[in-house]
Amino acid sequence: MEIYVRELIAKGLKVPTQSSLNTDWLLQVRKDVLHADPMNVNMTAWGEDGIAHVEGELSVDVDLACSRCLESTKEHVVVPFHERFKPKAALNGSEEEEIIPVEEDKLEFEPFLEEMLMLALPFVPLCEEDCKGLCHTCGTNLNETNCGCQKDDIDPRLAALKDLFK
């Protein structure tokens, strides 16, 4: 997905774009992603006052492994965005920090979208807020059944004190 910054600034046109981008890279980057549908991007690019604006929204449906019980959980991620670009040669020292300088006229926008998606995904995905997770001893999913394992974890340094109360 390419954006021509100087052309947008010079012509001042509004260019709407809808696209569906491949998300196979997401399975390689995040090991907790089990499946990801294509990322849908709906955006508009325009030039105004020497700045190229790109505004829109990306959305994707993702299956993630719950961090406690490892069961699959579905997430619908929607990220609105508004990025501003300006040729590096046209920047002066008093420009706002939110304007991204660009070296060339052609700007590849996909890396920006991928970064936004990565930041929007839950860091610790949960199937439910009160997920009980897995038993530390036998690995049983405690949301489905109680395993009956002994839960009395005694610090081995204090184990001798346990016999004092018998």
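Q: Leu 70 first: buried or exposed?
A: Leu 70 is exposed, with a relative accessible area of 57%. Buried means under 20% relative accessible area, exposed over 50%, and partly exposed in between, using a 1.4 Å probe and protein chains only.

Q: What kind of model is this, and how are residues numbered?
A: It's a predicted model, where local features need pLDDT of at least 70 and side-chain atom pairs count only at pLDDT 80 or more, while totals for chains, interfaces and linings use all residues. Residues are numbered from 1 along each chain as its sequence is written, and side-chain values use heavy atoms, with hydrogens and water left out.

Q: Back to Leu 70, where does it lie?
A: Leu 70 is in the loop between S5 and S6. Helices (H or I, at least four residues) and strands (E, at least two) are DSSP runs, numbered from the N terminus.

Q: And what's phi doing at Leu 70?
A: Phi is near 70 degrees there, which is positive in a residue other than glycine. In general, most residues other than glycine have a negative phi.

Q: Which residue takes a positive phi in the hairpin of S4 and S5?
A: That's Asp 49, with phi near 55 degrees, in a hairpin that has 2 residues between the strands. Asp 49 is exposed, at 71% relative accessibility.

Q: How many bridges join S4 to S5?
A: There are 9, and the two strands run antiparallel. Pairing here takes at least two DSSP bridges between the strands. S5 covers residues 51–65, and Ile 51 in S5 is the bridge partner of Glu 48.

Q: What about S2 and S4: how many bridges there?
A: S2 (residues 14–21) pairs with S4 (residues 39–48) over 8 bridges, in the antiparallel sense. Along that pairing, Gln 18 stands opposite Asn 42 in S4.

Q: How's a pocket defined?
A: On a 1 Å grid over the protein atoms alone, it's an open set of points where a 1.4 Å probe fits, with protein on both sides within 12 Å along at least five of seven lines; lining residues have an atom within 4 Å of a point.

Q: Which residues line the largest pocket?
A: Among them are Met 1, Ile 3, Tyr 4, Leu 8, Val 15 and Met 43, along with Glu 2, Glu 7 and Lys 11. The lining splits into 8 nonpolar, 1 polar and 3 charged residues. Nonpolar covers Ala, Val, Leu, Ile, Met, Phe, Trp, Tyr, Cys and Pro, charged covers Asp, Glu, Lys and Arg, and the others, Gly among them, are polar.

Q: How many salt bridges does the structure hold?
A: It holds 4, counting a side-chain nitrogen of Lys or Arg within 4 Å of a carboxyl oxygen of Asp or Glu.

Q: Which side chain meets Glu 2 in a salt bridge?
A: Lys 106, at 3.6 Å from N to O. Glu 2 is in strand S1 and Lys 106 in strand S8 (residues 106–108), so the pair ties together parts 104 residues apart in sequence. Glu 2 is partly exposed at 41%, and Lys 106 is partly exposed at 44%.

Q: And Glu 7, which side chain does it meet?
A: Lys 11, at 3.8 Å from N to O. They're 4 residues apart in helix H1, so about one helical turn separates them. Glu 7 is partly exposed, at 40%, whereas Lys 11 is exposed, at 54%.

Q: Which residue forms a salt bridge with Asp 63?
A: Lys 74, with the closest N and O atoms 3.1 Å apart. Asp 63 is in strand S5 and Lys 74 in strand S6 (residues 72–87), 11 residues apart. Asp 63 is buried, at 14%, but Lys 74 is exposed, at 65%.

Q: Arg 30, buried or exposed?
A: Buried, because its relative accessibility is 13%. Arg 30 is in the loop between helix H2 (24–29) and strand S3 (33–36). Leaving aside neighbours within four places in sequence, Arg 30 is in contact (heavy atoms within 4.5 Å) with Met 118, Leu 121, Pro 122, Phe 123 and Pro 125.

Q: Last one: where's Gly 148?
A: In the loop between helix H3 (110–120) and helix H4 (159–162). Gly 148 is exposed, at 69%.
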